[in-house]
Amino acid sequence: MNPAIRIGIDLGGTKTEIAAFATNGATLLRRREPTPSGDYEATLALIATLVDDAERQLRATATIGLGTPGALSPATGVMRNSNSTCLNQRPLKADLQRRLGREVRLANDANCFSLSEAVDGAAAGAASVFGVILGTGVGGGIVIGGKVIDGPNAITGEWGHNPLPWPTDDERPGDACYCGKHGCIETFLSGPGLTRDHARSCGETLAAAEIAARSVNDPPDPRAAQTMTRYEERLARALASIINVLDPEVIVLGGGLSNIERLYTNVPALWGKWVFSDAVRTRLARNRHGDSSGVRGAAWLW
């Protein structure tokens, strides 16, 4: 194995990305393929093929890190809490190690994202970082002193499956979540959650990016603007609860909704109402490495 070449794999719900990096962070190759929907065996086969092809191109056997939704249960060694539900109750790490014939380091995709942004991204140099994924789901990861905090239950940073804090009457009990609860932060702040909220409010179904774009048109669409105002207030409440517990130096946003520029001005202007402090010095930052941050963080698991 050549430790000077590190392969990272970001296993997402819709796409799987592989990239190889030198130890100085230089990208040696990159490739993306659609993730087989709901098919565990096909997902294993895709990952193995991507690794085989990459190493053939690199002419080297590299270290392998994998970022995935959900996490391995410390008790059973099988996956759990993944919104890519075909992974749940499957021994993903063991199956991949058997196929690839070597150790695979595996971490939650939000942890990988957070590590990447803490090492050489938007939060480089910060002592404490909370990384946020706002996409198909809502995840989080905590990096302290440059190291991911996993926790004894492998659920550190899973803020998306806490209830939305300080809910209003019309937010109770909230939509059903795949985890079995109602009113989870994920059901409000994910891309599908934003789409549902807009449809419920004004009867039109739009993708999250379209809602955000219409909210800042000249002139702005008032219905889209109202939806985004609700979204920003809910995001501010949810992040305020994180600041009250963790008090991070930097919160970095990732996932598709992190591309909504107005969040970086509007949310910090709101969250002080709920933060238990007379001033909020936490910085809200847009990720530096875009949607490739997860694959970088997976590589840095080595």
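Student: Which residues of α1 and α2 meet each other?

Tutor: Keep in mind that this is a predicted model. On the α1 side you'll find Tyr40, Glu41, Leu44, Ala45, Ile47, Ala48 and Val51. They meet Leu92, Asp95, Leu96, Arg99 and Leu100 of α2.

Student: How do I describe the way α1 and α2 pack, and at what angle?

Tutor: For two packed helices, you give the angle between their axes and the distance between those axes. Here, α1 (residues 40-58) and α2 (residues 92-100) pack at about 45°, and their axes are 10 Å apart. That angle makes α1 oblique to α2. The crossing of the two helices is right-handed.

Student: Okay, on to cores. Which residues touch the most other members of the largest nonpolar core?

Tutor: The general idea is that nonpolar side chains in soluble globular proteins tend to be buried together. In this model, the largest nonpolar core has 36 residues, and Leu134, Trp159 and Leu189 touch the most other members. Two or more residues come from each of β8 (128-134), β9 (138-144), α4 (185-189), α6 (208-215), α7 (222-246), β11 (250-254) and α8 (263-271). Of these, α7 gives the most, with ten residues.

Student: What is Trp159 in contact with?

Tutor: Skip its neighbours within four places in sequence, and the partners of Trp159 include Phe130, Val132, Leu134 and Val138.

Student: How do I read a helix like α8, and which of its residues are buried?

Tutor: An α-helix has 3.6 residues a turn, so residues three or four places apart point the same way. In α8, the buried ones are Leu263, Tyr264, Val267 and Trp271. They sit on the same side of α8 because they cover an arc of only 85° around the axis. That buried set packs against α7, β11 and β12 (283-286).

Student: And which exposed residues are on the face of α8 turned away from its buried side?

Tutor: Look for Thr265 and Ala269 there.

Student: Let me try α6. Which residues are buried in it?

Tutor: Pick out Ala208, Ile211, Ala212 and Ser215. Their arc around the axis is only 95°, which puts them on the same side of α6.

Student: What covers those buried residues of α6?

Tutor: The cover includes α5 (191-202) and α7.

Technical notes: Residues numbered from 1 in each chain as written. Predicted model: local features only at pLDDT ≥ 70, side-chain atom pairs only at ≥ 80, totals over all residues. Heavy atoms only, no water. Core = buried A, V, L, I, M, F, W, Y, C linked by side-chain atoms within 4.5 Å. Buried < 20%, exposed > 50% of the residue type's maximum accessible area, 1.4 Å probe, protein only. Helix = DSSP H or I, 4+ residues; strand = E, 2+ residues; numbered from the N terminus. Contact = heavy atoms within 4.5 Å. Arc of directions from axis to C-beta. Axes fitted to C-alpha atoms, helices over the stretch in contact; angles between N-to-C directions. Parallel < 35°, antiparallel > 145°, perpendicular 65-115°, else oblique. Left-handed = near helix turned anticlockwise from the far one by under 90°.
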